[in-house]
Amino acid sequence: HKTIKKICCIGAGYVGGPTCAVIAEKNPDIIVTIVDINPTRIAAWNSDTLPIYEPGLDKIVKGCRGRNLFFSTDVDKGIIEADLIFVSVNTPTKKKGVGAGYAADLGYVESATRHIARVAQSDKIVVEKSTVPCRTAHSMRYILEANARPGIHFDILSNPEFLAEGTAVPDLMRPDRVLIGSLDTLAGRAAAASLADIYASWVPRGQIIAMNLWSSELSKLAANALLAQRISSINALSAICEATGADVDEVSYACGLDTRIGSKFLKASVGFGGSCFQKDILNLVYLSESLHLPEVAAYWRQVVEMNEYQKRRFTDRVISSLFNTLTGKKIAILGFAFKKDTGDTRESPAITLVNYFRAERANISIYDPKVEDSQIWMDLTEPGVVDDLAELQKQVSIATNAYSACDDADAVVICTEWDEFRDTYLDYGRIYENMKKPAFVFDGRLILDRNRLEGMGFRVETIGRAASSFKTPRDWE
Ligand code: NAD
Ligand code: UDX
């Protein structure tokens with residue numbers, strides 16, 4: 001099989017950037033060029049301030065950039081020079097047309113594929129890095145073969161990415177597994193071996209798994225669906241805990257000790273967010289429906305419905321605790337990113353919560369350590385709606401630190417589990433002094449020591465725990 005000397009990655013996003021930066025670091029003999037049609041993003045990758053925040057990424061990019069790692073808007077050149085091309089473009093949920101609200105929009109994948117076919121002057125290995133519905137490789141191959149210059153051969157591989165945001169670098173450095181799906185032909189297996197060699201520079205061979213193309217594509221959707229399902233399961237149990245006085249953290253701990261269940265991804269929360277879980281499950285729902293498997297579709301759809309329910313339920317608890325009205329009250333939102341250690345807000349539960357609170361005519365002050373103000377304004381407005389921003393800014397403000405967000409607030413709502421919001425970091429005594437009374441804290445991420453905060457005078461309401469007025473078995477002691 002062929003030894004890869006030049007790689008092109010189409011799509012300089014959350015996946016393409018970190019993945020190919022790590023490939024470049026671990027393979028100093030391979031030239032890696034990451035291309036994107038978005039010039040602002042490429043300029044940022046070439047600047048001191050990278051377009052995405054990921055702990056550890058800065059050092060890797062700055063170590064390889066200009067040596068064997070390049071960022072460019074010249075997509076043609078990137079494609080022409082490469083032996084192997086990663087397609088790492090976005091695959092959002094379709095907003096319109098057939099499958100709207102469920103199916104993945106494959107427009108970007110198709111346009112990148114057509115671009116490869118149009119400009120390629122030599123044989124290429126084309127690797128699906130984007131998360132795509134099962135059998136997308138088939139469409140890509142068809143497009144490539146129908147549009148390529150005569151005599152040019154393409155091999156298609158599926159190599160889904162399992163990194164999570166906030167931990168992208170350690171996830172890439174020590175992946176649980178690397179999947180490489182290929183056609184079961186001589187050429188397909190040879191292409192898979194070429195890609196495997198790249199990963200083998202740092203991943204043990206036993207963890208690089210070869211399989212058929214469709215299994216590899218489906219494994220990505222399946223893994224995300226199974227992970228999200230665990231969160232919805234523990235969140236469903238959190239509702240039972242709140243109603244009974246059981247403590248969801250204790251239940252999660254007890255269940256997680258069973259080695260058949262395991263402890264990860266069993267943390268109850270205000271709901272999962274992020275660009276992947278909801279999109280990929282809806283994609284699976286759509287796939288199931290198109291395969292005439294309505295029971296399977298309904299099963300997976302429920303994971304997303306439970307997540308919506310969790311956000312609504314948490315909001316309702318805020319409203320009822322605040323004496324059934326939020327009108328004119330100030331709510332401090334701590335955390336706007338969908339999880340800690342990222343500035344990404346895609347599908348962040350904080351967006352849904354702020355919209356619910358706005359509908360109740362609350363005043364909202366938001367603080368997040370990493371999310372840009374412009375991003376928050378974008379997430380809370382409808383594109384193209386006149387005066388939307390002006391209206392929004394009458395009700396919502398962005399604070400530069402947690403203390404000023406909480407100043408004069410009626411309630412603090414923890415939406416993201418940033419370490420700096422823990423009661424071991426933040427001075428909740430100071431926050432309490434400057435809040436309206438009774439001072440409420442709603443912990444949507446289970447990061448606070450409720451007894452400690454109640455000792456300061458707060459009324460604390462936590463996901464998966466009964467209201468503070470509720471008698472639990474502990475009160476009988
Ligand atoms: P992203 O939106 O951050 O990046 C995609 C980039 O592709 C954008 O910068 C866009 O400008 C560029 N692009 C689109 N069409 C192009 C074209 N024709 N030519 C050149 N550039 C083009 O998306 P992301 O979060 O990196 O996700 C990419 C894929 O990886 C998605 O399919 C996603 O489901 C999957 N994925 C994401 C994560 C994650 O944590 N974000 C994890 C695993 C898998
Ligand atoms: C996810 C997958 O984990 C990753 O493998 C895939 O490649 C992309 O999608 P990501 O969305 O970046 O990664 O982050 P993840 O850590 O999975 O968290 C997703 C959401 O679930 C976050 O909002 C997080 O706060 C929430 N979550 C996670 C919980 O509420 N409870 C948990 O126990 C774990």
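Predicted model: local features only at pLDDT ≥ 70, side-chain atom pairs only at ≥ 80, totals over all residues.
Ala, Val, Leu, Ile, Met, Phe, Trp, Tyr, Cys and Pro count here as nonpolar, Asp, Glu, Lys and Arg as charged, and the others, Gly among them, as polar. By class, the shell around ligand 1 holds twelve nonpolar, twelve polar and four charged residues. In total, 28 residues surround this ligand, and the closest are Gly-11, Gly-13, Tyr-14, Ser-130 and Thr-131.

Now turn to ligand 2. Around ligand 2 there are 19 residues, of which Lys-267, Ser-269, Phe-272, Gly-274 and Cys-276 come nearest. Sorted by class, the shell of ligand 2 has eleven nonpolar, four polar and four charged residues. Which helix gives the most to the shell around ligand 2? That is α9, spanning residues 213-244, which supplies three residues.

With 32 residues, α9 reaches 47 Å from its first C-alpha to its last, close to the 46 Å expected at 1.5 Å a residue. Just after α9 comes Gly-245, and here the backbone takes a positive phi of about 95°.

Take helix α10, residues 248-256, as one partner: α9 and α10 pack at an angle of about 135°, with their axes 9 Å apart. That angle makes α9 oblique to α10. The crossing of α9 past α10 is right-handed. On the α9 side, the contact is made by Ile-234, Leu-237, Ser-238 and Cys-241, and on the α10 side by Val-248, Val-251 and Ser-252. By class, this contact between α9 and α10 has five nonpolar residues, two polar ones and no charged ones.

Helix α11, residues 277-290, is another partner. Its axis and that of α9 come within 9 Å and cross at roughly 115°. The crossing of α9 and α11 is left-handed. Here α9 contributes Leu-221, Asn-224, Ala-225 and Ala-228 to the contact, while α11 contributes Phe-277, Asp-280, Ile-281, Asn-283 and Leu-284. Sorted by class, the contact of α9 with α11 has six nonpolar, two polar and one charged residues.

How values were computed
Residues numbered from 1 in each chain as written. Chains lettered and ligands numbered in written order. Near = placed C-beta within 6 Å. Helix = DSSP H or I, 4+ residues; strand = E, 2+ residues; numbered from the N terminus. Expected span 1.5 Å × (residues − 1). Axes fitted to C-alpha atoms, helices over the stretch in contact; angles between N-to-C directions. Parallel < 35°, antiparallel > 145°, perpendicular 65-115°, else oblique. Left-handed = near helix turned anticlockwise from the far one by under 90°. Contact = placed C-beta atoms within 7 Å.
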